[in-house]
Amino acid sequence: MTKGRIVISLFPNCRATKPVTDSRYDVISSIFAGGYNYDGGPESWNVNYPNCRGNKQSPINFNTNTDRPSPLTSGFFRIYNTDNFTVSNSHGIEFTDLLRRSAITFDFVTYDFQQVHFHIPSEHRIDGKHYDAEAHFVFKDRNNNLSVIGVLYSVNAGGFSKFLSSFPYPPKDITWTFGRLPDVMTADLLSVIFSIAEFGTTSPWAYRYYGSLTTPPCNEGVTWWVATKILPISVDQLISIRALTGYNSRPTQPRNGRTVPGYY
Ligand SMILES: [Zn+2]
C-alpha cells in the first residue's frame, strides 16, 4: 500500500450500529487513509518477520454461528480502579501501566497488566464486520507469555467511553512528538471491565482463542480474549484515538483449523 494514498472502501463493512449524524464520522468510517506504514505495512511483514507467516496469526474473524464465547471464571479479573500510565511509542503509541497492580488469572496462571494501545478500525471482526476501534489490554505472566483482552468500540449517537475520556483531546493538541503528550496520565481501567463482563455470574463474555501479536514480530502463543460486548464511543473520542494511532489495522488472518469452542 502506497504511503499517503487514499483507498476508498477497504473496510466496506465498517459502520455504526446506530445512525450517527456527525459529518466528521462519515469521513472516518468510509475512508481508509492507507496510513499503515509500519515497516511497509502488513503486506511486507511476511518478508521481514518470519513469525508473521505462522499458522496461528491474529487477528481473526469470528463467526457467531459456530464460535462460542467463554464464560467468566471465578477470580479471572483483579483490576484496580485507576492506574497511572506513561506514554511510549514502540509499535505505535502505547500507554504503559506504571503501577502494574492489575492482573488476570486463568488456567492457574496470573498475567500482570502491562499496557493498552488502540487500533482503528478494529482488527478482529465479528461475522465479517469491522468495528470503529479496538483496544488491546496486554497482560504478561512471569514466563513472558502474553494474554490480550480485545475490546471493540463502535461510534453511536450519544456514545461515550469513560475510559477513553482519560485520553488526550482535542487532537489538534496531540502530535507524534513524545514531549507533547502528558508524561503521566490516569485512566479508569475498571470502568472498561465492568462494561464487558458481568461480575458474579458465569455469563459468556469473550471469544478465547490462540493467536499472535498483530504487529511484528507477530509472535504466536498469545491467548486472546475478545469481548463480545461492543462498547460505545463518541465521534470526538474516535478522532482523539485516531490522532494517536492513525489507521493501523492488520487484515484478518486464516483460521487454519483453529476453533473457538468456548472454554469451560
Ligand atoms: Zn494491538
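Two strands pair if DSSP finds at least two bridges between them. Helices (H or I, at least four residues) and strands (E, at least two) are themselves DSSP runs, numbered from the N terminus. The model toured here is predicted: local features need pLDDT of at least 70, side-chain atom pairs count only at pLDDT 80 or more, and totals for chains, interfaces and linings use all residues. Residues are numbered from 1 along each chain as its sequence is written.

**The whole chain**

Begin with the protein chain, which has four helices and 16 strands. Colour it by pLDDT, the predictor's confidence in each residue, from 0 to 100. The mean is 81, and 77% of the residues reach 70 or more. Over residues 27-35 pLDDT stays under 50, and the model has 23 contacts for them beyond four places in sequence; here two residues are in contact if their C-beta atoms, placed from the backbone, lie within 7 Å. Residues 169-180 also stay under 50, with 13 contacts beyond four places in sequence.

Among contacts between residues at least 6 apart in sequence, 69% join residues at least 24 apart. Of the 264 residues, 39% count as buried. A residue is buried if 20 or more other C-beta atoms lie within 10 Å of its own, exposed if 12 or fewer, and partly exposed in between, with C-beta atoms placed from the backbone.

Select strand S5 (residues 77-78) together with strand S8 (residues 103-106): the two pair in the antiparallel sense over two bridges. Arg78 has Ala103 of S8 as its bridge partner.

Continue to strand S11 (residues 133-140). Seven bridges join it to S9, and the two strands run antiparallel. His117 stands opposite His136 in S11. Seven of the eight residues of S11 are buried, so the strand is largely enclosed by the rest of the structure.

On to S12: S11 pairs with it in the antiparallel sense over eight bridges. His136 stands opposite Gly150 in S12. The hairpin formed by S11 and S12 has five residues between them, and Asn144 in the turn has a positive phi of about 70 degrees. As a guide to viewing these strands, side chains in a regular strand alternate between the two faces of the sheet.

**The nonpolar core**

Now select Ala133, Phe137, Val151 and Ala227, the residues with the most contacts inside the largest nonpolar core, which has 54 residues. Strand S12 (residues 146-155) gives the most to this core, with six residues. A nonpolar core is a set of buried Ala, Val, Leu, Ile, Met, Phe, Trp, Tyr and Cys residues joined through C-beta atoms within 7 Å. Centre the view on Phe137: leaving aside neighbours within four places in sequence, Phe137 is in contact with Phe113, Val116, Val148 and Ile149.

**Pro71 and its surroundings**

Move to Pro71, in strand S4 (residues 70-71). Pro71 counts as partly exposed because 18 C-beta neighbours lie inside 10 Å. Not counting residues up to four places away in sequence, Pro71 touches Thr202, Ser203, Pro204 and Tyr264. Draw a C-alpha to C-alpha distance from Pro71 to Trp205: the value is 5.8 Å, for residues 134 apart in sequence.

**Backbone details in the loops**

Select Ser58 and Pro59, which are joined by a cis peptide bond with omega of about 5 degrees. Pro59 lies in the loop between helix H2 (42-48) and strand S3 (61-62).

In the loop between strand S14 (204-212) and strand S15 (220-227), find Pro217. The peptide bond from Pro216 to Pro217 is cis, with omega near 15 degrees. Cys218 is in the loop between S14 and S15 as well. Its phi is near 60 degrees, a positive value in a residue other than glycine. Cys218 is buried, with 24 other C-beta atoms within 10 Å.

Asp127, in the loop between strand S10 (125-126) and S11, has a positive phi of about 50 degrees although it is not a glycine. With 11 C-beta neighbours inside 10 Å, Asp127 counts as exposed.

**Last stop: helix H4**

Finish at helix H4 (residues 235-245), where the buried residues include Val235, Leu238, Ile241 and Leu244. Gly246 follows H4 and has a positive phi, near 65 degrees.
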